[in-house]
Amino acid sequence: MSKKVDVDVAIMGSGVAGLGAAYKLVNAGVTNVAIFEKYPAQGGAVSNCPMCFCATPDTPEAQKSAFDVLARFSNYTANLGLVSKVVKYSSELPDLVLNKLNIQAPMVVNREPADYGNQRGYTMGHANGLDVGDIYFINGRGQGHAFALVCLRLRRMLEKEGVQFYFRTPIKKIIRDSASGKVTGAIAYDEDGEEIDISCKALIVASGGISSNMEMMKEEGVLHTKFEDVYRDGSGAQVIVMFPDSCQDGDGQKAVWEVGGKKTGIVISACPQVPNPGVLVGPNTPWLGASQIQLFADCPYLRVNELGKRFINEEMANNHTAISSSLSLNCPNMCCYLIFDEDTADFMNKHGVEEGYAYFIFAGATVQNIRDQIDHAIALGNKHMCHFDTIHEVCEYMGIDEAGLKKTLEKYNKAAVTGIDEEFKKNPKYIKPVKEESGHIYCFRLFAGGYDTMGGLAIDDNANVVDAEDYPIEGLYAGGDIATASLYGNPPANAGGTVFGSMTTGMIAGDSAAAYVKGEA
Ligand SMILES: Cc1cc2nc3c(=O)[nH]c(=O)nc-3n(C[C@H](O)[C@H](O)[C@H](O)COP(=O)(O)OP(=O)(O)OC[C@H]3O[C@@H](n4cnc5c(N)ncnc54)[C@H](O)[C@@H]3O)c2cc1C
């Protein structure tokens, strides 16, 4: 006989979205709540990582500016009622994190509402358009695991209120009553594979992305590259910086689609990467550099696709989501080639990274012996970088169309002289010519890497999952990275997973589910 759990609200996933939902339920007096988590611990396979979060202050100017920026950012394809609520709920985050959970923020970057949406580089973790408030850098544990502490303290706070946590217990199926159309339960499996029948008045799905599930990423069109290996969980090359054995398997998306939930586009979020080995430290801090190679990935130097063609103004190099989105959506095999010559290597050696393009490092950091660092990575087995005397050798090794690249270089090197980039309008100060006469040519293959995938489920302004006709499915809610197409646009291209969007949609789901189970909706 299967085990039974009877609760008011069941939550699938204990990342920031699931925990945010439980926090709101408890605040609304709904404490008969159970969180089912596939991983052995709370926090989400990815949500241990964030160093900082964004929160829009609760002032009319700030709220209006953030709302306008996000609406424009989504080309008005987001659910704008949801956008408005997310902006409002985000203003509660500092009080929750700093006061209620007693976590320090040694650095807070206060931004003027008029400036929202204008910051190109790395802001709250993600780029352009999403810098819609103040950015709080918080103290955490270990190297960059700031939000782990938030999640741990939140779990303890919730347990004291009576919320039950079931770890290593994935929900796989949702029960929707065919007569009433309401969601009334779910099926989970415990560590021993025993079925658990969950009976609930409402279910909140907050199970994150699908980046551990290669097959699903291919089926959903997220992955379309001959270099599949660099996306394989646990592979040495991994360019999606999640934890090994994370549970980003798409169970939530599949279960909701099965009961009639509307499907949205899914994309990889942010952070273009030169794959390992020899580039990043791993596996538990995969965002930290093992060499200085990744520094080049943020610099505004020439990038071409496999056809040898440019595809973006490289000034966007440190707008991680812009580069990743254009690689995913517009470049063959989801990759590009960063190419520079000996003069540029020399510039990086003497002057350091371009001002404004420093990410995770100090401005002015210089790059010493890049050739040795590349050789070291190649000796470790890296196949995504090279250096040769000629363009021909680079093209042959990397598989770039040589005629295409030579045409591009002709135009690009001319633009370096005239200062006018006819094609992509790049600021001339960043147009560094690429010439064999400099002595040497360097090349890195960059992929649309990221932190997770975004999207899959459509929700309304109450974080209610909607059906194909955009009507809410009673008793079914969703929040977090899984629901970002309703917040940033469908597909949520150029958006990144954030606490700002994921915790708040979870909180909205919690408030809405509380009202629903109390009969106040
Ligand atoms: C390296 C890195 C750095 C980042 N930095 C920042 C930053 O600085 N600032 C910022 O704002 N954001 C940052 N982000 C993004 C942020 O972490 C995410 O947007 C956010 O954590 C997503 O939360 P979530 O709850 O939607 O999903 P997740 O955190 O992915 O949680 C989903 C949970 O559901 C569980 N689950 C999956 N399937 C099931 C199932 N069948 N049953 C039950 N449970 C299931 C998973 O195990 C997981 O615990 C970063 C992300 C990464 C990876």
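**Core, fold and strands**

Analyst: The largest nonpolar core holds 167 residues, and the members touching the most others are Val9, Ile11, Leu203, Ile204 and Ala478. Such a core is a set of buried Ala, Val, Leu, Ile, Met, Phe, Trp, Tyr and Cys residues joined through C-beta atoms within 7 Å. A residue is buried if 20 or more other C-beta atoms lie within 10 Å of its own, exposed if 12 or fewer, and partly exposed in between, with C-beta atoms placed from the backbone. Residues are numbered from 1 along each chain as its sequence is written. The model is predicted, so that local features need pLDDT of at least 70 and side-chain atom pairs count only at pLDDT 80 or more, while totals for chains, interfaces and linings use all residues.

User: Which helix gives the most to this core?

Analyst: Helices (H or I, at least four residues) and strands (E, at least two) are DSSP runs numbered from the N terminus. The core draws at least three residues from each of domain 1 (3-209 + 451-517) and domain 2 (293-447), with bounds that come from an automatic or database domain assignment. The most is given, with 10 residues, by the helix spanning residues 499-517, H15.

User: Which residues does Val9 touch, not counting residues up to four places away in sequence?

Analyst: Two residues are in contact if their C-beta atoms, placed from the backbone, lie within 7 Å. With residues up to four places away in sequence not counted, Val9 touches Leu25, Val30, Val33, Cys200, Lys201, Ala202, Ile204, Ala513 and Val517.

User: How many residues of H1 are buried, and what covers them?

Analyst: Helix H1 (residues 16-27) reaches 16 Å from its first C-alpha to its last, close to the 16 Å expected at 1.5 Å a residue, where the expected span is 1.5 Å times one less than the number of residues. Its buried residues, among them Val16, Leu19 and Tyr23, are covered by elements including strand E1 (3-12), strand E2 (33-36), helix H5 (146-160), strand E9 (195-205) and H15. Just after H1, Gly29 takes a positive phi of about 90 degrees. H1 is mostly covered, and of its 12 residues the number buried is 10.

User: Which residue of E17 is the bridge partner of Leu203?

Analyst: Two strands pair if DSSP finds at least two bridges between them. Strand E17 (residues 472-478), with six of its seven residues buried, is joined to E9 by three bridges, and these two strands run parallel. Strand E16 (residues 464-466) is joined to E17 by two bridges and runs antiparallel to it, with Val466 standing opposite Pro472. For Leu203, the bridge partner in E17 is Leu476.

User: Is Ile187 buried or partly exposed?

Analyst: Ile187 is found in strand E8 (residues 183-189). Leaving aside neighbours within four places in sequence, Ile187 is in contact with Ile171, Lys172, Lys173, Glu195, Asp197 and Ile198. Because Ile187 has 16 C-beta neighbours inside 10 Å, it counts as partly exposed.

User: In what order do the four strands of the open sheet that includes E14 stand?

Analyst: Seven bridges join strand E12 (residues 335-341) to E14 in an antiparallel pairing, with Tyr337 opposite Arg445. Four bridges join strand E13 (residues 385-388) to E14, also antiparallel, and Phe388 has Ile441 as its bridge partner. The pairing in this open sheet is antiparallel, and the order is E11-E12-E14-E13.

User: Which strands stand at the edges of that sheet?

Analyst: Strand E14 (residues 441-447) has seven of its seven residues buried, so it is largely enclosed by the rest of the structure. Ile441, Cys443, Arg445 and Phe447 point one way from E14, and Tyr442, Phe444 and Leu446 the other way. At the edges, each with a single partner strand and so with one side left without a neighbour in the sheet, stand E11 (303-304) and E13.
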